[in-house]
Amino acid sequence: MVDAPVDATTTEAWDALRALADGFTPSLRAWFAEDPERATALTFSAADLHVDLSKNLITRPVLTELLALAGQVGLAERREAMFRGDHVNVTEDRAVLHTALRLPEDATLEVDGQDVVRDVHEVLRRVYDFADKVRSGAWTGVTGERIRTVVNIGIGGSDLGPVMAYEALEPYRQDGLECRFISNIDPTDAATTLAGLDPATTLFIVSSKTFGTLETLTNARLCKAWLLDGLARTGGVDDKEAVAKHFVAVSTALDKVADFGIDPDNAFGFWDWVGGRYSMDSAIGTSLVVAIGPERFTELLAGMHAMDEHFRTTEPARNVPVLMGLLNVWYTNFLGAQTHAVLPYSQLLHRFPAYLQQLTMESNGKGVRWDGTAVTSDTGEVFWGEPGTNGQHAFYQLIHQGTRLVPADFIAFANPAYPLRDAQDGASTDVHELFLANFFAQTRALAFGKTADEVRAEGTDEKGVPARVFPGNRPTTSIMASELTPSVLGQLIALYEHITFTEGVVWGIDSFDQWGVELGKQLAQQLAPAVAGDESAAARADPSTQALIAYYRKNRRP
């Protein structure tokens, strides 16, 4: 029998937070004026990250009760159970051990009779050996030419993490070796990704644990046909040999891998205790290892482990993932926030918000608790965002002056990957400093706003004053590091993993299953014959779906 989670809404801390929220009137201006040490007291270090929570809508009493809530729901105990390998993924009866993927080789962890650390590093060595062969040119295509493009075929966690990290670590990529990514079953994705590539110098990585994911296997077959058709034009190429030289797999279904034509020796496995959205640092990251090399990937893993250790060992009052997770609970459950913005002031992190969408919303978008009972409060937030300063010219208007409360995380780095200067009229401007001036200005403006008197003092006509007032008290967290290295990227990823875990424990939900993705996939399989013209299959659908399929059939060209 599954132990029921603590119902957070029945705790003394929840009652106290509800009372604090009743009539809560934040005033960041006043709080900073009354407490000159507020910024210092609410700024923390986590590995290499410098995290300023002082512009959040919290007071000492609120923070005290949030920390009490963490204790009363058993956060520390649940955290230890996860790190220990207990089956905290209750609905699938699985351990949750993404943290084991970055344990040092000399660590010890045995779960369900398996030496987890040994297994992880055995796969890592195989992935590293493969990557070295591709990077050095020792691995060649069927014609003997070296590989110049690696195409990762996967979806969800088999795509979002590798794509995000490949973009984020662009300065660390090997010259002359490109990675591309195919995820969507929309044929446009495969067609445009393969455009301009040479089959003789292209290698495919098919990432699917079960080797049965509809989108991934469909795209893999499209790529296989493209490869063989392209190589056939050169003549004299054996199809079986071509597939063996141009395809590898990240999968544990070795029989299906072999049926596809991939040598099982070129299949890299992972375990059922690794969820898709937590798998980037497993063999799912093979394309990234090829791009940046084993040494840099090892640095990424070390960064993730450093944040794991911070989360595991640091007292709650200074534990950054715990504090940020509890703040999200405060905003969601007591102040009515429904969304959360992630705003990296780094173009290299332009895919980071999309990556976090799956991590957070697939994990915590649940309506039942881990024992199957209904949740007793709102859960999850809609995560979204864009890099600054692009977002400033798009949606910041709503965050600054709209009626919605949108907590926002701002991320920036002291040192740019490309330190460029703008020369104009005999002066030279450090562009990164101009960029970061926007980063600092936005969190200040959101926190402190602009009063009507301040607007008037600028000489604004009275009728124009209301539209130029900024109410302030818009909460932000500022996360900074010296530069975006593989290690720092790993720290950021693990930070948000543990924020997500913290929230899930408070809400009593299983943050590691994803049953909500299944129904649509099942219905798609059922509707496929109707879309292809089977009228009897269409007749079994609802009237709206029937009409939509009929429109498609009428307008689809032969």
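Predicted model: local features only at pLDDT ≥ 70, side-chain atom pairs only at ≥ 80, totals over all residues.
Modeller: Residues are numbered from 1 along each chain as its sequence is written, and side-chain values use heavy atoms, with hydrogens and water left out.

Colleague: What is Thr 99 in contact with, leaving aside its neighbours within four places in sequence?

Modeller: Contact means heavy atoms within 4.5 Å, and with those neighbours left aside Thr 99 is in contact with Met 82, Phe 83, Asp 308 and His 498.

Colleague: What puts the buried residues of α10 on the same side?

Modeller: In helix α10 (residues 239-246), the residues Ala 242, Val 243 and His 246 are buried. They cover an arc of only 95 degrees around the axis, and therefore lie on the same side of α10; the arc is that of the directions from the helix axis to the C-beta atoms. The buried residues of α10 pack against β7 (202-207), α9, β8 (247-250) and α11 (254-260).

Colleague: Which atoms come within 3.3 Å at the start of α10?

Modeller: A side-chain oxygen of Asp 238 reaches to within 3.3 Å of the backbone nitrogen of Lys 240.

Colleague: Which residues lie nearest the centre of the largest pocket, and what makes up its lining?

Modeller: The largest pocket is lined by 40 residues, and Thr 213, Gln 514, Val 517, Glu 518 and Lys 521 lie nearest its centre. About 1,100 Å³ of space lies in the largest pocket. Helices α9 (214-232), α15 (352-364) and α20 (518-531) each supply at least two residues of the lining, and α20 gives the most, with six residues.

Colleague: What is the volume of the second largest pocket?

Modeller: The second largest pocket has a volume of about 490 Å³. Its lining has 19 residues, of which Gln 347, Pro 416, Ala 417, Tyr 418 and His 432 lie nearest the centre, and helix α17 (residues 431-448) gives the most to this lining, with three residues.

Note on methods
1 Å grid on protein atoms, 1.4 Å probe; cavity = no way out; pocket = protein on both sides within 12 Å on 5 of 7 lines; lining within 4 Å. Points joined across faces, edges and corners; volume = space filled by probe spheres on them. Helix = DSSP H or I, 4+ residues; strand = E, 2+ residues; numbered from the N terminus. Buried < 20%, exposed > 50% of the residue type's maximum accessible area, 1.4 Å probe, protein only. Polar contact = N/O pair within 3.5 Å; in protein donor to acceptor, adjacent residues only side chain to side chain.
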